[in-house]
Amino acid sequence: MLKFQVHAPGKVILHGEHAVVYNRPALAAVVGLGTNLKFRQEAGSQVASFKLDALNCTLEIPLGDFNAFLENFRKYPADSTAKLMEEVRGEVSKQLERAAGTTPKPATQRAFISIYYLLAGAVLSSPKDQKLTLQTGFQVQVDTELNVGAGLGSSASFGAALAAAFLILSGHFDQENYLQEENQALISSWAYESERVNHGTPSGLDNTVCTYGGMLRYVKGHGFQSLKIQKPLNILLVDSRVSRSTADIVAKVRHLAEGFPQLIEAIWQACEELVTAAVPLYESFGNAQDDSAKFEKLERLFQINNDLLKAIGVSHPKLEQIFTIAIKRGFFSKLTGAGAGGYAIVLLPENFECNEVYWKLKEELESAGFGVHVTTAGGVGLRVGSLDD
């Protein structure tokens, strides 16, 4: 019986938030936090069961119904992903209403659509059997260390983990060779399809960095460039515990840009220059030569970037409180993502655990009510491993 686990990391935007909307470059990196998926086939079972801890729900797909859906869909062209999405939405809506009697929360609906869509897509495109059906039930448990909707790539992480599991299940590759280039590309492309369920027209940034790992330079419409970093950065992720709408914040910044086009264009130009200056620092940091000087430059870039983001009005009193606590202790920080809440990143030096001031910083942030996570930026991407009983 097939049995394995998948870890798909989340991501942070290091530089270029908001400017990326206006075709300027952004730098993104995976974080050490992510989505964990456990997959177990069950002999004799005819149900695919999904326990989603973050949503506190369990979803079930009877294999008989699922195989009937596949058989019905095979009359359409094999590459009809848009039609598959449409059919899945209708099928999931019927199954949820039949199971619960009431319409579930939107987050639960989107999660079930992603699951059903990715599972159907993986099976329908199986290289082993064009008429493959699922004959053995299985259990999938998914939990996450990422706050949903907080700008850490939780939906892409979720999609990448599911995509890897379903591609293994349907015979696209086995769990030992998932790191082959063509297999990573397949995982990323299906994770992108999952992102479409949540975001309509995603950039492709989140699913790419969550799958491949490391750091990426991204320009909308021009693809991605992987940075050749020496080692991950130590960071403190600080949750302001302020929820916000990314779409509303982007609209607010667009309105500001329309009112002061030349001024805001100068800010976007400064953001681009900042990314250009940051890339060689990230790529050379960690080779021990002049690391102290490079780290100080990165600290200054964090501060400059944060001030540029403040200038376009995307800070928040809770974020300002985090910045004040950090700088008081000698640490540099910035908001990440859309801003107006969400997360801040605090840059941590080497051997920070030996620094008494770091522990005072962490204690003060926690005492102020913020969520604090010590992690890294720029580590490994999605990983598949064995699962013990």
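We'll go from the domains to the cores, then on to a helix and a pocket.

A word on ground rules: this is a predicted model, where local features need pLDDT of at least 70, side-chain atom pairs count only at pLDDT 80 or more, and totals for chains, interfaces and linings use all residues. Residues are numbered from 1 along each chain as its sequence is written, and side-chain values use heavy atoms, with hydrogens and water left out.

**Stop 1: the domains.** Colour domain 1 (3-227 + 380-386) and domain 2 (233-377) separately; the bounds come from an automatic or database domain assignment. Their centres, taken over C-alpha atoms, are 29 Å apart. Across the interface, 26 residues of domain 1 are in contact with 39 residues of domain 2 (contact means heavy atoms within 4.5 Å).

**Stop 2: the cores.** Next, select L14, L233, L236, L237, Y282 and L365, which touch the most other members of the largest nonpolar core, a set of 62 residues. (A nonpolar core is a set of buried Ala, Val, Leu, Ile, Met, Phe, Trp, Tyr and Cys residues joined through side-chain atoms within 4.5 Å; buried means under 20% relative accessible area with a 1.4 Å probe, protein chains only.) Helix α8 (residues 261-284) is the top contributor, with ten residues (helices are DSSP runs of H or I, at least four residues, and strands are E runs of at least two, numbered from the N terminus). Each of domain 1 and domain 2 supplies at least three residues to this core. Zoom in on Y282: beyond four places in sequence, its contacts include L14, M215, L233 and F302. For the separate second core, of 56 residues, pick I113, I115, V123 and V140, which are among its members.

**Stop 3: N305.** Look in helix α9 (residues 291-311) for N305. Is N305 buried or exposed? N305 is buried, at 1% relative accessible area. Leaving out residues up to four places away in sequence, N305 touches L14, H15, G16, E17, L274 and K334.

**Stop 4: helix α5.** Select residues 181-199, helix α5. Its buried residues include W190, E193 and E195. Just past α5, check G200, which has a positive phi of about 75°.

**Stop 5: the largest pocket.** Finish with S155, E195, H199, D206 and T246, which lie nearest the pocket's centre among its 47 lining residues. α3 gives the most to this lining, with four residues.

Notes:
Buried < 20%, exposed > 50% of the residue type's maximum accessible area, 1.4 Å probe, protein only. Expected span 1.5 Å × (residues − 1). 1 Å grid on protein atoms, 1.4 Å probe; cavity = no way out; pocket = protein on both sides within 12 Å on 5 of 7 lines; lining within 4 Å.
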